[in-house]
Amino acid sequence: MRVHRVLLSVIASFAGILALSSCAPGQSGRNFIVIVGSSTMYPFSTIVAERFGRRTSFKTPKVEATGSGGGFKLFCAGIGVRHPDITNSSRRIKPSELKMCASNGVGGVVEVKVGYDGIAVAYAATNETLELTLKDLWLALAKQVPAPDGQEALVNNPHVLWSDVNAALPAVRIEVLGPPPTSGTRDAFVELAMEGGCRSFNWIAAMAYADRDAFRDVCHTLREDGVFTEVGENDNLIVQKLNANPDGLGILGFSFLDQNAEQVLGASIDGVAPTFENIGNGRYPISRPLYFYVKQAHVDVIPGLREFLGEFTSDRSWGDEGYLASRGLVPMPENERAQVLGDVLALTPVSL
């Protein structure tokens with residue numbers, strides 16, 4: 001049975017490659033690059049695509065924001081002109097997603113790490129400076145929290161006001177806007193912020209060793225009583241809603257905070273502000289790398305794909321003084337960029 005599945009995967013991959021190679025650009029309707037995935041990566045990818053379209057003779061790539069999880073579903077569905085060439089992600093590909101790719105004949109997935117981003121807890125710029133801790137965030141947003149009487153037991157989250165969470169915070173209703181489960185920003189927020197706050201309780205942290213699944217359920221599950229509201233794959237919409245509701249908070253990528261600095265500010269987390277410098281040096285506690293993934297089988301078949309990789313990984317794009325840094329991307333150190341560039345030039349498949 002295992003041999004049969006592997007054979008089917010090889011046949012699917014070969015059929016997809018034949019479908020690609022047998023279609024001339026004019027016949028296939030695919031003489032341009034198709035990119036899906038992360039809403040956080042969307043503005044960076046769009047900027048590169050537009051520059052690429054202006055600088056070269058190739059058509060401007062089509063970029064769509066589907067969320068990291070949604071992007072992998074589309075990307076891993078198969079090889080050929082009906083499927084995307086690249087998917088953006090604000091987290092690393094999961095083993096289950098790489099397995100999904102392989103089961104549909106999508107082998108040779110090349111990982112391109114492009115830089116770093118922070119996840120900001122944003123609020124309207126008209127408000128006073130806000131300082132939070134990871135513990136505050138978890139106690140405000142977790143579905144279940146420790147019992148008020150101090151016992152080592154969990155209860156449904158009773159907190160209504162921020163002052164219920166921490167007496168030093170204002171007596172304002174907890175209202176937080178954030179991305180859906182398909183978002184890489186959501187994945188990173190629960191991994192870094194929620195789990196980080198959850199671990200401040202030693203008896204809960206100990207659960208990670210006894211029952212990892214139970215630990216993740218406690219630490220990663222957001223409340224469902226209307227305090228946390230999903231607003232889709234649209235950080236710009238969060239910015240608009242924060243302007244309409246000054247008491248609300250929003251979870252969004254640093255680049256959106258940076259581009260809307262006159263409208264929204266970012267709360268300090270554990271005493272560290274979400275700034276370009278603090279994300280780059282690792283001090284800001286809710287920061288993560290950004291990626292895109294490309295199909296090896298599509299390179300040199302889809303017009304301009306190899307050249308687009310070259311544009312994205314050029315110093316003028318992702319370098320310290322590159323045009324992406326001016327839009328909020330925090331560049332990788334030079335030696336790390338060199339290593340990634342080597343893997344891109346060699347089209348080295350990702351392995352987990």
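Is Cys 101 buried or exposed?

A: Cys 101 is buried, with a relative accessible area of 0% (buried means under 20% relative accessible area, exposed over 50%, partly exposed in between, with a 1.4 Å probe and protein chains only). Keep in mind that this is a predicted model, where local features need pLDDT of at least 70 and side-chain atom pairs count only at pLDDT 80 or more, while totals for chains, interfaces and linings use all residues. Residues are numbered from 1 along each chain as its sequence is written, and side-chain values use heavy atoms, with hydrogens and water left out.

Now the bond itself: a disulfide, meaning a pair of cysteine sulfur atoms within 2.5 Å, links Cys 101 to Cys 76 at an S to S distance of 2.0 Å. That link is left-handed, with -65 degrees about the S-S bond. Cys 76 sits in the loop between helix H4 (68-75) and strand S3 (86-89) and Cys 101 in helix H5 (residues 95-103), so the pair ties together parts that are 25 residues apart in sequence. (Helices, H or I with at least four residues, and strands, E with at least two, are DSSP runs numbered from the N terminus.) Cys 76 is buried too, at 0% relative accessibility.

By the same cut-off the count is 2 disulfides. The other joins Cys 198 to Cys 219, S to S 2.1 Å. Here Cys 198 belongs to helix H8 (residues 184-198) and Cys 219 to helix H11 (residues 212-220), so parts 21 residues apart in sequence get tied together. The torsion about this S-S bond is about -65 degrees, so it's left-handed, and both Cys 198 and Cys 219 are buried. Number the bonded cysteines in sequence order and the pairing reads 1-2, 3-4.
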